[in-house]
Amino acid sequence: MKKIKEKKGFKHITLDNDLLDNDSSLLRICRGGKAVNASRSTLQDRYHDDDLDDILDDVAYTPVIETSQYIQEFKKLKNVELGVVSYQSLEIEGIKDPIPIIDLLKKRLGNIHTLYFGNVRGRSELNDCDILYIVGTDRHPSSSKYDLYRYLGGEKSFYDLKKLKGGYSRLTFNDELFNDIINHQVDSEMEQVIFRNMPHMKKRLTILEGDLPEHMNKYFKRVGKINMHEYSQENIFPTVINHFLKIVFFR
């Protein structure tokens, strides 16, 4: 370091102390009083049971549609970029071909930035999004991962290993190492999604209907929750988004 400082033109640069003193906000969607994770299986089962004509009519996706529609009105005053991350597709019982979620969203909403779970690393599509909407939690079947785990030294059957407890959306197993492997996969993909939007570097609003790693809270100046059973989607989303946009662009 001493030799580097002696070089001509060297300038010592320090990180600004207010790097995390930003205007980024996180809004978590709750249903029935609990933050929801919108798991793949939940969406697939609900679509089948309700016999929906369009998967975008599901309660997890209608707020995305409404958010986009409201932003289009706001764009007449100020440009706002919307990003959406969800599943690439869902396989529904009784339907031959997977339903292409991301393609349907792009077709319905037009000019939005989209990525899907499993296709996030190294991508820059979300960098300039002022509002990021995340629907879902990237989680692969635990049983398939256990096949590899047993090969590496596990002895219990998957049936004996599995035990759900202690949290609404976190998987916990009777094996500390395997539990870490599974939950690391859940956390790492959501970390990638959020940091691709870089909330700690600029004013952002992230709306999440998915599982959130606890340590990610610190990257948002404000973290709030909205129970969708207490407020109509038609009223609460314009209100919240309007408040955020006014703070960011018109203060």
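Among contacts in the protein with a separation of 6 or more, 72% join residues 24 or more positions apart. Contact here means heavy atoms within 4.5 Å. This is a predicted model, in which local features need pLDDT of at least 70, side-chain atom pairs count only at pLDDT 80 or more, and totals for chains, interfaces and linings use all residues. Residues are numbered from 1 along each chain as its sequence is written, and side-chain values use heavy atoms, with hydrogens and water left out.

The protein has eight helices and seven strands. Both are DSSP runs numbered from the N terminus: helices are H or I with at least four residues, strands are E with at least two. Of the 251 residues, 44% count as buried. Buried means under 20% relative accessible area, exposed over 50%, and partly exposed in between (1.4 Å probe, protein chains only). The protein exposes about 14,500 Å². Carbon and sulfur atoms supply 49% of that area. Accessible areas come from the Shrake-Rupley method with a 1.4 Å probe; for residues, only the protein chains shown count as cover.

Strand S3 spans residues 82–86. Five of its five residues are buried, so the rest of the structure largely encloses S3. Both faces are covered. Leu-82, Val-84 and Ser-86 lie on one side, Gly-83 and Val-85 on the other.

S3 runs parallel to strand S5 (residues 131–135), joined by four bridges. Strands pair if DSSP finds at least two bridges between them. Val-85 stands opposite Ile-134 in S5. Four bridges also join S3 to strand S4 (residues 113–116), again parallel. In S4, Val-85 has Leu-115 as its bridge partner. The chain passes from S3 through helix H4 (residues 101–109) to S4 in a right-handed β-α-β crossover. Right-handed means that, with the strands pointing away from the viewer, the path from the first strand over the helix to the second runs clockwise.

Gly-110 sits in the loop between H4 and S4. Its relative accessibility is 38%, which counts as partly exposed. Gly-110 and Ser-68 are 42 residues apart in sequence. In space, their C-alpha atoms are 9.5 Å apart.

## Glu-209 in strand S6

Glu-209 belongs to strand S6. Glu-209 is buried, at 2% relative accessible area. Leaving aside neighbours within four places in sequence, Glu-209 contacts Ile-29, Arg-31, Val-36, Asn-37, Ala-38, Ala-60, Ile-134, Val-135 and Gly-136. Of these contacts, Ile-134 is also the residue opposite Val-85 in S5.

## Aromatic pairs

The structure holds two aromatic pairs. One of them, Phe-195 with Tyr-219, is edge-to-face: 4.9 Å centre to centre, with 75° between the planes. Rings of Phe, Tyr and Trp (its six-membered ring) pair if their centres lie within 6.5 Å; planes under 30 degrees apart count as stacked, over 60 as edge-to-face and the rest as tilted.

Phe-195 lies in helix H7 (residues 176–196), and Tyr-219 in the loop between strand S6 (205–209) and strand S7 (222–227). The pair therefore ties together parts that are 24 residues apart in sequence. Phe-195 is partly exposed, at 29% relative accessible area. Tyr-219 is buried, at 17%.

## Cysteines

A search of the whole structure finds zero disulfides, a disulfide being a pair of cysteine sulfur atoms within 2.5 Å. Cys-30 is buried, with a relative accessible area of 4%. Cys-129 is also buried, at 0% relative accessibility.
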